[in-house]
Amino acid sequence: MRTKLFLAFIVVILAALLSTIVFEYMILRDFDNYVGSVRDDQIHWIMVSIEGGYKNGDWDNRVMSESIHWAMMLGLDIKILNMQGQEIIPSHHYMESLSPSMMQRMEELFHIHSDTNLAYSKFPISAGGKNVGMLLARSFQKKELAEKEAIFKGRVAHFLYVYLIIAGLGSVLIGLLLSQYLSKPLLRLKKASEKVAGGDFSVRIESASSDEVGDLAKTFNRMAESLQKEESLRKRLMSNVAHELRTPLTIMKTHVEAMADGVVTDTSKGLVNIEHEIEKLIELVKGIEDITAAEASFFVKGEAGEINLKELLTGLREDLLPSFQTRGLYIKILKDSDLNVTTDIEKLERILRNILSNGLKFTDTGGVSIDYGTDAKGFFIEVKDTGRGIPEQELPLIFNRFYRSEESRVEGLGLGLAIVKELVEVMGGEITVSSKVGQGTCFRLSLPFAV
């Protein structure tokens, strides 16, 4: 990853360097175009002056001399030809008419006697809409000007090359540092993934950024947490199942051996005992299926939906009412007001069914009442029964898997409240219990509004 990032920066740097070279070419080309346009403007004004000196088929020598003079002052060597190709006023004649001081100054500026290999450019001279002559023009060998132009171009190239070196080296350094900085969290993620692959689900990644990499780290942490919890549940379930299977299997083995050895002569009674233990095993397997189905929902985020809590509780009451009436118990809802909540409806219904079934199982007289409302955390549901109650020392243990008190050992597998506890935690809520022996038990479920 780091190499790919660094190579990506190198590609960007090379593209920037190439654009700088193109930029240099465009600057120098524009400079040459500017110099050429200035020269064209100078020749244009000289031609205007020459054309103004042609009148009625004759050339005004004074105007021609002034034009040659201005051309020389501008650094141009010109020849003015008529239609027959003859030079109207030879330039060397004009230069010979200059004073010695003027000639010396012109020589210093333009080196008018230096040989030049530049060819003349031709420009037609027109008057009255027809051609009357030809202007030949070329630049004097102006050494200082050529040197200045060369120096300018050289400096432009020098500055750009220095920029290329500084920007190139700086970009490479920055690219190297940035590639290390950007790849660092990914390297941490890679090492953490290797630990998870090795079975260490406790690893977590610290990330304070809120970008895509930070979101990836948070997602990884949630995955590791789910795997850790799933592994813990698996180990605990296997341990509990092994413990629960051991007792009925041992009893069955004892009865079979006793009947085989002739210790138990009444085989029908022994078979009844074995059948009873088999029923326990069947009940245990069913409980394991229930807990497996429940655990599958622990790691799947259910879809939140809006529901009227009053209608949900009323529907549960109607479903369970026949079971309560069979035992001579009541089940009632203390309020009749609407309360719309947004939550995971499937999980909430499973939780309430387990709590209400638990109340039905351990209540001999009276019944179960249900209350609901809102609190600081979201909304709450309170289920209170008039049952046997739970001893104070057992309250911290009732949410443990396969936990059953001695008095209620035949009442179930001890999985219902464990499932309730874990589902509530998955939903981000909490469940509390208060109870007194002989007076009943109250479960209070507090859940946040799902987003």
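Predicted model: local features only at pLDDT ≥ 70, side-chain atom pairs only at ≥ 80, totals over all residues.
Residues are numbered from 1 along each chain as its sequence is written, and side-chain values use heavy atoms, with hydrogens and water left out.

Back to asparagine 82. You'll find asparagine 82 in strand β3, residues 76-82; strands here are DSSP E runs of at least two residues, helices are H or I runs of at least four, and both are numbered from the N terminus. Asparagine 82 is buried at 17% relative accessible area (buried is under 20%, exposed over 50%, partly exposed in between, with a 1.4 Å probe and protein chains only). Which residues does asparagine 82 contact, leaving aside neighbours within four places in sequence? They are Trp59, Ile88, Val132 and Gly133, contact being heavy atoms within 4.5 Å.

Now the rings. A search of the whole structure turns up two aromatic pairs (centres of Phe, Tyr or Trp rings within 6.5 Å, taking the six-membered ring of Trp; planes under 30 degrees apart are stacked, over 60 edge-to-face, the rest tilted). One of them joins phenylalanine 379 and phenylalanine 449, tilted at 40° between the planes and 5.6 Å centre to centre. The pair links distant parts of the chain, with phenylalanine 379 in strand β10 (residues 379-385) and phenylalanine 449 in the segment after β12 (440-447), 70 residues apart. Phenylalanine 379 is buried at 1%, while phenylalanine 449 is partly exposed at 38%.

Charges sit over rings, too (NZ of Lys or CZ of Arg within 6 Å of the ring centre and within 35 degrees of the ring normal). Arginine 444 has its charged end over the ring of phenylalanine 380, 4.0 Å from the centre, and lysine 332 lies over the face of tyrosine 330 at 4.9 Å from the ring centre.

On to salt bridges: the whole structure has 12, each a side-chain nitrogen of Lys or Arg within 4 Å of a carboxyl oxygen of Asp or Glu. Among them are these:

| Pair | Closest N and O atoms |
|---|---|
| Lysine 310 and aspartate 338 | 3.9 Å |
| Aspartate 319 and arginine 353 | 2.9 Å |
| Aspartate 371 and lysine 335 | 3.7 Å |

Lysine 310 is in helix α8 (residues 309-326) and aspartate 338 is in the loop between β7 (330-333) and β8 (340-343), so their bridge ties together parts 28 residues apart in sequence. Lysine 310 is partly exposed at 23%, and aspartate 338 is exposed at 56%. Aspartate 319 also lies in helix α8, with arginine 353 in helix α9 (residues 345-361), so that pair ties together parts 34 residues apart. Both partners are partly exposed: aspartate 319 at 47% and arginine 353 at 27%. Aspartate 371 is buried at 17%, whereas lysine 335 is partly exposed at 36%. Finally, salt bridges with shared partners join Lys310, Asp336 and Asp338 into one network.
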